[in-house]
Amino acid sequence: MTDIKGILFDKDGTLVDFNATWLGVADFMAMDAADGDRWKADRLLAAAGFDFANRRFKPDSIFASGTNLDVVELWFPRLSNEDQMLAVARFNEITSVQGSAMAVALPDIVDTLAVLHNRSYRLGVATNDSTSGAEKTLVTLGVAQLFDAAYGYDAVANPKPAPDTIQAFCDLTGLKPSEIAMVGDNRHDLEMARAGGCGLAVGVLSGTGTRESLAEIADVILDSVADLPDFLSARVKETV
């Protein structure tokens, strides 16, 4: 097994409590898109994957794993290119400001990131949120100083599940893809890990993904990132 020296984390559902952080933001976006029409906003939320019965977004749904461009293309399929970009900019502003301000860290995440940083792992974020939103969220959580970089969908030519972010992180850190672990709660996180040749694809059950949705593609499934330090320690011992 290759020695893991760097870790890329998905953000929402992996570091941040997805539902606690994003339900309110998603509702605001839908109401904004629907010009205040509650019925229309609910239809938009359902189309983006919101499960009203369980009050959460479905695994791998547009809102759980897509970009703001994906949401705009779903909600406004007949916009001109110019109006589409204006809508994306509007949603980027909402998610960057509100999403970061309302960010709720998952239990024990802040302490876990400090542990991993102290063990000299190079840390990065790979998210389909905007780069600005990712950076502001790390500041809100008080962990920005632990990370080498945060990559949003707008930081690379092709966002997840394409491998561009992995290559960007390798270029920055000098690490090989085989020395990087990718950690996320949805299939597109792990599909990026596979496409980029990561040494480890870690699924976590702290977000919208389920054991069933992640099992076929993950090397290991953990309850939370909080379990990662012990897992990595045990993995190293197996090679000694």
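Helix H4 (residues 68–75) and helix H5 (81–101) cross at roughly 125 degrees, and their axes come within 9 Å. The contact (heavy atoms within 4.5 Å) involves Asn-68, Leu-69, Val-71, Val-72, Glu-73 and Trp-75 of H4. On H5 it is made by Gln-84, Met-85, Ala-87, Val-88, Phe-91, Asn-92 and Thr-95. H4 passes H5 in a right-handed crossing. The model is predicted; local features need pLDDT of at least 70, side-chain atom pairs count only at pLDDT 80 or more, and totals for chains, interfaces and linings use all residues. Residues are numbered from 1 along each chain as its sequence is written, and side-chain values use heavy atoms, with hydrogens and water left out.

Helices (H or I, at least four residues) and strands (E, at least two) are DSSP runs, numbered from the N terminus. Axes are lines fitted to C-alpha atoms, for helices over the stretch in contact, and angles run from 0 to 180 degrees between N-to-C directions. Angles under 35 degrees count as roughly parallel, over 145 as roughly antiparallel, 65 to 115 as roughly perpendicular and the rest as oblique. A crossing is right-handed if the near helix is turned clockwise from the far one by less than a right angle, and left-handed if anticlockwise.

H5 also packs against helix H1 (residues 18–33). Here the angle is about 150 degrees, with the axes 10 Å apart. H1 and H5 are therefore roughly antiparallel. Their crossing is right-handed. H1 contributes Thr-21, Trp-22, Val-25, Phe-28, Met-29, Asp-32 and Ala-33 to the contact. H5 supplies Arg-90, Phe-91, Ile-94, Thr-95, Gln-98 and Gly-99.

Helix H7 (residues 131–141) has as its buried residues Thr-131, Gly-133, Ala-134, Thr-137, Leu-138 and Leu-141. Buried means under 20% relative accessible area, exposed over 50%, and partly exposed in between (1.4 Å probe, protein chains only). Seen down the H7 axis, these residues fall within an arc of 165 degrees, so they line one face of the helix. The arc is that of the directions from the helix axis to the C-beta atoms. The cover over them includes H5, helix H6 (109–118), strand E4 (122–126) and strand E5 (149–151). Just after H7, Gly-142 takes a positive phi of about 80 degrees.

The structure holds zero disulfides (pairs of cysteine sulfur atoms within 2.5 Å). Cys-170 is in no disulfide, and the nearest cysteine sulfur, that of Cys-198, is 7.2 Å away. That distance is too far for a bond. Cys-170 is buried, with a relative accessible area of 5%. Cys-198 also counts as buried, at 11%.
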